[in-house]
Amino acid sequence: MKKKSKTLDLELTSSSMLIETGGKKMKKLLIIYYSWSNGNTERIAKMLQSETDSDILKIDTVVPYSGSYDDVVNQGQNEVQRGYEPEIKPLDINIADYDVIAVGTPTWWYTMAPAVKTFLHQQDFTGKTVVPFMTNGGWPGHVIKDMKAACKGANVVCDMQIQFDSTGGSNLETPQEQINEWIQSVKNLL
Ligand SMILES: Cc1cc2nc3c(=O)[nH]c(=O)nc-3n(C[C@H](O)[C@H](O)[C@H](O)COP(=O)(O)O)c2cc1C
(Lines give C-alpha, C1' and ligand atoms only; values in the text may rest on other atoms or scores of the structure.)
Protein backbone atom coordinates (compact mmCIF):
# COMPACT_ATOMS: atom_id res chain seq x y z
CA MET A 1 0.00 0.00 0.00
CA LYS A 2 2.74 2.40 1.05
CA LYS A 3 4.76 1.50 -2.05
CA LYS A 4 1.83 2.25 -4.34
CA SER A 5 1.31 5.82 -3.07
CA LYS A 6 5.02 6.50 -3.50
CA THR A 7 4.79 5.53 -7.18
CA LEU A 8 1.77 7.76 -7.60
CA ASP A 9 3.69 10.68 -6.07
CA LEU A 10 6.50 10.21 -8.53
CA GLU A 11 4.10 10.04 -11.45
CA LEU A 12 2.41 13.26 -10.37
CA THR A 13 5.74 15.05 -10.03
CA SER A 14 6.94 14.07 -13.47
CA SER A 15 3.66 14.94 -15.17
CA SER A 16 3.53 18.37 -13.54
CA MET A 17 7.13 18.96 -14.64
CA LEU A 18 6.14 18.16 -18.21
CA ILE A 19 3.25 20.63 -17.99
CA GLU A 20 5.68 23.34 -16.79
CA THR A 21 7.92 22.81 -19.81
CA GLY A 22 5.07 22.64 -22.29
CA GLY A 23 5.28 18.84 -22.54
CA LYS A 24 8.93 18.84 -23.65
CA LYS A 25 11.88 18.10 -21.40
CA MET A 26 14.24 21.11 -21.62
CA LYS A 27 17.94 20.52 -22.09
CA LYS A 28 20.30 22.24 -19.65
CA LEU A 29 22.53 24.97 -21.06
CA LEU A 30 25.80 26.20 -19.59
CA ILE A 31 27.43 29.35 -20.99
CA ILE A 32 31.12 29.55 -20.17
CA TYR A 33 33.43 32.23 -21.50
CA TYR A 34 36.70 34.06 -21.18
CA SER A 35 36.92 37.81 -21.75
CA TRP A 36 39.84 40.12 -21.24
CA SER A 37 40.05 43.31 -23.35
CA ASN A 38 36.71 45.12 -23.06
CA GLY A 39 34.25 42.47 -22.01
CA ASN A 40 33.23 41.95 -25.66
CA THR A 41 32.91 38.20 -25.29
CA GLU A 42 31.17 38.65 -21.96
CA ARG A 43 28.64 40.94 -23.65
CA ILE A 44 27.74 38.23 -26.17
CA ALA A 45 27.61 35.58 -23.43
CA LYS A 46 25.17 37.75 -21.47
CA MET A 47 23.00 38.35 -24.55
CA LEU A 48 22.66 34.58 -24.89
CA GLN A 49 22.00 34.21 -21.17
CA SER A 50 19.25 36.83 -21.18
CA GLU A 51 17.34 34.84 -23.82
CA THR A 52 17.78 31.38 -22.33
CA ASP A 53 17.26 29.50 -19.11
CA SER A 54 20.95 28.86 -18.48
CA ASP A 55 23.86 28.99 -16.07
CA ILE A 56 26.76 31.29 -16.88
CA LEU A 57 30.36 31.20 -15.75
CA LYS A 58 33.52 33.15 -16.50
CA ILE A 59 36.92 31.53 -16.90
CA ASP A 60 39.73 33.29 -15.01
CA THR A 61 43.46 32.66 -15.06
CA VAL A 62 45.18 32.08 -11.71
CA VAL A 63 47.81 34.64 -12.67
CA PRO A 64 46.07 37.73 -14.10
CA TYR A 65 47.47 39.33 -17.26
CA SER A 66 49.10 42.65 -16.40
CA GLY A 67 50.67 45.61 -18.16
CA SER A 68 49.39 47.63 -21.09
CA TYR A 69 47.16 46.32 -23.88
CA ASP A 70 50.21 46.01 -26.13
CA ASP A 71 52.10 44.12 -23.40
CA VAL A 72 49.29 41.57 -23.26
CA VAL A 73 49.08 41.38 -27.07
CA ASN A 74 52.79 40.47 -27.05
CA GLN A 75 52.48 38.05 -24.15
CA GLY A 76 49.48 36.47 -25.87
CA GLN A 77 51.50 36.00 -29.06
CA ASN A 78 54.26 34.28 -27.13
CA GLU A 79 51.78 32.01 -25.31
CA VAL A 80 49.92 31.07 -28.50
CA GLN A 81 53.19 30.30 -30.31
CA ARG A 82 54.31 28.03 -27.44
CA GLY A 83 50.91 26.36 -27.14
CA TYR A 84 50.94 27.48 -23.51
CA GLU A 85 47.92 26.60 -21.35
CA PRO A 86 47.77 28.87 -18.28
CA GLU A 87 46.39 27.52 -15.05
CA ILE A 88 42.75 28.57 -14.59
CA LYS A 89 40.81 29.05 -11.36
CA PRO A 90 38.73 26.04 -10.29
CA LEU A 91 35.27 26.08 -11.83
CA ASP A 92 32.27 25.73 -9.60
CA ILE A 93 30.39 23.50 -12.04
CA ASN A 94 30.45 20.01 -13.47
CA ILE A 95 29.82 19.95 -17.19
CA ALA A 96 28.41 16.44 -16.79
CA ASP A 97 25.30 18.22 -15.39
CA TYR A 98 24.64 19.98 -18.73
CA ASP A 99 23.48 18.87 -22.17
CA VAL A 100 24.61 21.91 -24.15
CA ILE A 101 27.73 23.93 -23.38
CA ALA A 102 28.26 27.27 -25.14
CA VAL A 103 31.94 28.23 -24.96
CA GLY A 104 33.00 31.80 -25.74
CA THR A 105 36.46 33.21 -26.39
CA PRO A 106 38.10 36.33 -27.77
CA THR A 107 40.44 35.75 -30.71
CA TRP A 108 44.06 35.82 -29.63
CA TRP A 109 46.49 35.58 -32.49
CA TYR A 110 44.05 33.83 -34.82
CA THR A 111 43.09 31.18 -32.29
CA MET A 112 41.21 30.90 -28.97
CA ALA A 113 42.62 32.64 -25.88
CA PRO A 114 45.06 30.32 -24.04
CA ALA A 115 42.79 30.16 -20.96
CA VAL A 116 40.00 28.67 -23.11
CA LYS A 117 42.40 26.07 -24.48
CA THR A 118 43.19 25.08 -20.88
CA PHE A 119 39.47 24.75 -20.13
CA LEU A 120 38.61 22.72 -23.23
CA HIS A 121 41.48 20.30 -22.64
CA GLN A 122 40.39 19.74 -19.03
CA GLN A 123 36.93 18.49 -19.94
CA ASP A 124 35.41 15.33 -21.31
CA PHE A 125 32.77 16.39 -23.83
CA THR A 126 31.68 12.91 -24.83
CA GLY A 127 27.96 12.96 -25.55
CA LYS A 128 27.71 16.75 -25.10
CA THR A 129 26.65 19.39 -27.58
CA VAL A 130 29.13 22.28 -27.75
CA VAL A 131 28.32 25.70 -29.22
CA PRO A 132 31.57 27.63 -29.82
CA PHE A 133 31.38 31.39 -30.17
CA MET A 134 34.15 33.90 -30.54
CA THR A 135 34.74 37.62 -30.87
CA ASN A 136 37.41 39.20 -33.04
CA GLY A 137 38.63 42.48 -34.47
CA GLY A 138 38.42 41.44 -38.11
CA TRP A 139 41.02 38.65 -38.29
CA PRO A 140 39.13 35.55 -37.12
CA GLY A 141 41.83 33.10 -38.21
CA HIS A 142 41.13 29.50 -37.25
CA VAL A 143 39.51 29.93 -33.84
CA ILE A 144 36.43 27.79 -34.53
CA LYS A 145 38.46 25.02 -36.21
CA ASP A 146 40.84 24.93 -33.22
CA MET A 147 37.97 24.90 -30.71
CA LYS A 148 36.32 22.00 -32.56
CA ALA A 149 39.59 20.05 -32.46
CA ALA A 150 40.05 20.78 -28.72
CA CYS A 151 36.69 19.40 -27.57
CA LYS A 152 36.93 15.86 -28.74
CA GLY A 153 33.84 13.70 -28.43
CA ALA A 154 31.50 16.68 -28.63
CA ASN A 155 28.80 17.30 -31.18
CA VAL A 156 29.80 20.82 -32.23
CA VAL A 157 26.99 22.96 -33.68
CA CYS A 158 25.86 26.58 -34.15
CA ASP A 159 29.36 28.04 -34.15
CA MET A 160 29.36 31.83 -34.28
CA GLN A 161 31.93 34.52 -35.08
CA ILE A 162 31.17 38.04 -33.87
CA GLN A 163 33.22 40.96 -35.06
CA PHE A 164 34.07 44.01 -32.99
CA ASP A 165 36.12 46.95 -34.24
CA SER A 166 39.58 46.51 -35.67
CA THR A 167 41.28 48.70 -33.06
CA GLY A 168 40.57 46.16 -30.32
CA GLY A 169 37.71 48.32 -28.99
CA SER A 170 34.13 47.59 -28.02
CA ASN A 171 32.20 48.73 -31.09
CA LEU A 172 30.06 45.82 -32.30
CA GLU A 173 30.39 45.38 -36.09
CA THR A 174 28.32 42.22 -36.60
CA PRO A 175 24.65 43.21 -37.06
CA GLN A 176 22.54 42.52 -33.97
CA GLU A 177 20.08 40.73 -36.26
CA GLN A 178 22.70 38.04 -37.00
CA ILE A 179 23.39 37.61 -33.30
CA ASN A 180 19.67 37.28 -32.61
CA GLU A 181 19.38 34.59 -35.30
CA TRP A 182 22.26 32.70 -33.69
CA ILE A 183 20.64 32.98 -30.24
CA GLN A 184 17.43 31.59 -31.74
CA SER A 185 19.33 28.65 -33.23
CA VAL A 186 20.84 27.89 -29.81
CA LYS A 187 17.38 28.09 -28.22
CA ASN A 188 16.18 25.55 -30.77
CA LEU A 189 18.69 23.04 -29.36
CA LEU A 190 17.10 23.19 -25.89
C1 LIG B 1 46.42 39.11 -27.10
C2 LIG B 1 45.41 39.54 -28.13
C3 LIG B 1 45.46 39.02 -29.40
C4 LIG B 1 44.50 39.37 -30.35
N5 LIG B 1 44.54 38.77 -31.58
C6 LIG B 1 43.55 39.01 -32.47
C7 LIG B 1 43.51 38.32 -33.73
O8 LIG B 1 44.35 37.49 -34.05
N9 LIG B 1 42.50 38.61 -34.59
C10 LIG B 1 41.53 39.55 -34.29
O11 LIG B 1 40.64 39.77 -35.11
N12 LIG B 1 41.52 40.17 -33.09
C13 LIG B 1 42.49 39.93 -32.18
N14 LIG B 1 42.48 40.57 -30.95
C15 LIG B 1 41.32 41.45 -30.62
C16 LIG B 1 40.25 40.70 -29.80
O17 LIG B 1 40.01 39.40 -30.30
C18 LIG B 1 38.90 41.44 -29.79
O19 LIG B 1 39.06 42.78 -29.42
C20 LIG B 1 37.92 40.73 -28.87
O21 LIG B 1 36.60 41.12 -29.16
C22 LIG B 1 38.20 41.04 -27.39
O23 LIG B 1 37.27 40.35 -26.59
P24 LIG B 1 37.19 40.55 -25.01
O25 LIG B 1 36.85 42.01 -24.76
O26 LIG B 1 36.09 39.64 -24.59
O27 LIG B 1 38.53 40.17 -24.45
C28 LIG B 1 43.46 40.28 -30.01
C29 LIG B 1 43.44 40.84 -28.73
C30 LIG B 1 44.40 40.49 -27.79
C31 LIG B 1 44.35 41.10 -26.42
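I'll start with a pair of helices: the axes of H2 and helix H6, residues 176–187, come within 10 Å and cross at roughly 50°. That angle makes H2 oblique to H6, since only angles from 65 to 115 degrees count as roughly perpendicular and only those under 35 as roughly parallel. The crossing of H2 past H6 is right-handed. Bear in mind that this is a predicted model.

Which residues meet there? From H2 we have Ile-44, Met-47 and Leu-48, and from H6 we have Ile-179, Ile-183 and Val-186. By type, this contact of H2 with H6 has six nonpolar residues, no polar ones and no charged ones.

Now the ligand. The model places 25 residues around the ligand, and the closest are Ser-35, Thr-41, Gly-76, Pro-106 and Thr-135. Helix H2 (40–50) comes up again here: along with helix H3 (69–82), strand E3 (100–108) and strand E5 (129–136), it gives two or more residues to the shell. How does the shell around the ligand divide by residue type? There are ten nonpolar residues, 14 polar and one charged.

Last, the annotation. An unreviewed UniProt entry marks residues 30–187 as "domain: Flavodoxin-like". In the model, that span is 34% helix and 22% strand, and its end C-alpha atoms lie 12 Å apart.

Note on methods. Residues are numbered from 1 along each chain as its sequence is written. This is a predicted model: local features need pLDDT of at least 70, side-chain atom pairs count only at pLDDT 80 or more; totals for chains, interfaces and linings use all residues. A residue is near a molecule or strand if its C-beta atom, placed from the backbone, lies within 6 Å of it. Helices (H or I, at least four residues) and strands (E, at least two) are DSSP runs, numbered from the N terminus. Ala, Val, Leu, Ile, Met, Phe, Trp, Tyr, Cys and Pro count as nonpolar, Asp, Glu, Lys and Arg as charged, and the others, Gly among them, as polar. Axes are lines fitted to C-alpha atoms, for helices over the stretch in contact, and angles run from 0 to 180 degrees between N-to-C directions. Angles under 35 degrees count as roughly parallel, over 145 as roughly antiparallel, 65 to 115 as roughly perpendicular and the rest as oblique. A crossing is left-handed if the near helix is turned anticlockwise from the far one by less than a right angle, and right-handed if clockwise. Two residues are in contact if their C-beta atoms, placed from the backbone, lie within 7 Å. UniProt positions are given in the numbering used here, feature names are shortened, and annotations may be inferred rather than shown by experiment.
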